[in-house]
Amino acid sequence: QVQLVESGGGLVQPGGSLNVSCAASGFTFRRYAMKWYRQAPGKERELVAAITSASGSTNYADSVKDRFTISRDDAKNTVYLQMNSLKPEDTAVYYCNTKQPWWPGQEYWGQGTQVTVSS
């Protein structure tokens, strides 16, 4: 059974940093690309960052580029999102996501972790 469990969210002041984690189980983690999404109140869920399997190539939304870093530890079956220079507009629930790299491409989501940026 696939499980994605996020942790590390919380309240942080503008300009601060936070590192959220997603512990994965129930599948061969190293073979799957991993993504972080976020959803702010009243807004659609948006893709924040992605990391491939094997090479670990990364991609970021323009709004977080140069501030956020996605990484993975295949030995620990964990993906991370290091968030620096946080802004109030980064406030959202952050979700871990993955998808089977073969048909039918079943998609999996974690339960989310709340990140609030406020003074």
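This is a predicted model: local features need pLDDT of at least 70, side-chain atom pairs count only at pLDDT 80 or more; totals for chains, interfaces and linings use all residues.

How many bridges join E3 to strand E8? I found six, and the two strands run antiparallel. Strand E8 covers residues 78-83.

Residues are numbered from 1 along each chain as its sequence is written, and side-chain values use heavy atoms, with hydrogens and water left out.

**The sheet.** My strands are DSSP runs (E, at least two residues), numbered from the N terminus, and two of them pair if DSSP finds at least two bridges between them. I see four strands in an open sheet, ordered E1-E3-E8-E7, with antiparallel pairing. Strands E1 (3-7) and E7 (68-73) stand at the edges with a single partner strand each, so one side of each has no neighbour in the sheet. Neighbouring strands here are turned by 15° against each other on average, direction ignored; the axes are lines fitted to C-alpha atoms, and angles run from 0 to 180 degrees between N-to-C directions.

**The disulfide.** I searched the whole structure for cysteine sulfur atoms within 2.5 Å of each other and got one disulfide. Which residues does the disulfide join? It joins Cys 22 to Cys 96, with S to S at 2.2 Å. Cys 22 sits in strand E3 (residues 18-25) and Cys 96 in strand E9 (residues 92-99), so to speak distant parts of the chain, 74 residues apart. The torsion about the S-S bond of Cys 22 and Cys 96 is about -80°, so I noted the disulfide as left-handed. Both Cys 22 and Cys 96 are buried (under 20% relative accessible area, with exposed over 50% and partly exposed in between; 1.4 Å probe, protein chains only).

**The rings.** I counted five aromatic pairs in the whole structure (ring centres of Phe, Tyr and Trp, its six-membered ring, within 6.5 Å; planes under 30 degrees apart are stacked, over 60 edge-to-face, the rest tilted). Among them, Phe 27 and Phe 29 are tilted, at 6.2 Å centre to centre and 45° between the planes. Phe 27 and Phe 29 are both buried. Ring pairs link Phe 27, Phe 29, Tyr 32 and Trp 102 into a cluster.

**Charges over rings.** My cut-off was NZ of Lys or CZ of Arg within 6 Å of the ring centre and within 35 degrees of the ring normal. The charged end of Arg 72 sits over the ring of Phe 29, 4.5 Å from its centre. Arg 45 lies over the face of Trp 109, at 4.5 Å from the ring centre.
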